[in-house]
Amino acid sequence: MKRPKIKRWEGPGTQFAARIFDAAIALRVGIEYHTAMTIRPIIIHPDPRLKKMATPVAEVTPAIRRLAEDMLETMYDAPGIGLAAPQVGICQRVIVMDCAPDDSPPELWKMVNPEIISRSDETSKLEEGCLSIPNYTGEVIRPTEVVVQYHDEAGTEKEMTATG
């Protein structure tokens, strides 16, 4: 099937918008649409989008799975160990992380609608950074253990216990 010629426009978000448009056309005509993962720009503090409450994801769709893949690529490129969708301009409850030690194989987590359902009373203080606040780290006090409920990229509800 020959792909129709598409008129492109200029401006912010052009590449992202064009990709969505191309995917929509492919879906409508019943063909598969694949592209390489995209490194998305990370929003930097004090951008007001970082203060907005992220909305829950209604359904895990191919677009959400693609967002998670793009976020992983962006996180590794930065480099970082975690990234939330609002940090790449998408105000939805999606996070990715890889908290494996440096010399270990990756431990990838892609979470949709993550929610902490319990936390320990015991806390620990660790040095942390944030990709939206470059070149800055600080000590952060967090619970030593949390239990998180989330949906994976297949839409299955899961639970994980994180310590550290």
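**Close-up 1. The largest nonpolar core of the predicted model.** This core holds 16 residues, of which Leu67, Met71, Leu83, Val94 and Val96 touch the most other members. A nonpolar core is a set of buried Ala, Val, Leu, Ile, Met, Phe, Trp, Tyr and Cys residues joined through side-chain atoms within 4.5 Å; buried means under 20% relative accessible area (1.4 Å probe, protein chains only). At least two residues of this core come from each of α2 (62-77) and β2 (94-98), and α2 supplies the largest share, 6 residues. Helices (H or I, at least four residues) and strands (E, at least two) are DSSP runs numbered from the N terminus. The model is predicted, so local features need pLDDT of at least 70 and side-chain atom pairs pLDDT 80 or more, while totals for chains, interfaces and linings use all residues. Residues are numbered from 1 along each chain as its sequence is written, and side-chain values use heavy atoms, without hydrogens and water.

**Close-up 2. Surroundings of leucine 67.** Beyond its neighbours within four places in sequence, leucine 67 is in contact (heavy atoms within 4.5 Å) with Arg40, Ala85, Val88, Ile90 and Val94.

**Close-up 3. The second core.** Met111, Val146, Tyr150 and Met160 are among the 6 residues of a second, separate core.

**Close-up 4. Lining of the largest cavity.** Val60, Ile64, Arg65, Ala68, Val94, Lys110, Val112 and Glu153 line the largest cavity. On a 1 Å grid over the protein atoms alone, a cavity is a set of points where a 1.4 Å probe fits but cannot get out, and lining residues have an atom within 4 Å of a point. Of the elements, α2 gives the most to this lining, with 3 residues.

Methods: Buried means under 20% relative accessible area, exposed over 50%, partly exposed in between (1.4 Å probe, protein chains only). On a 1 Å grid over the protein atoms alone, a cavity is a set of points where a 1.4 Å probe fits but cannot get out, and a pocket is an open set with protein on both sides within 12 Å along at least five of seven lines; lining residues have an atom within 4 Å of a point.
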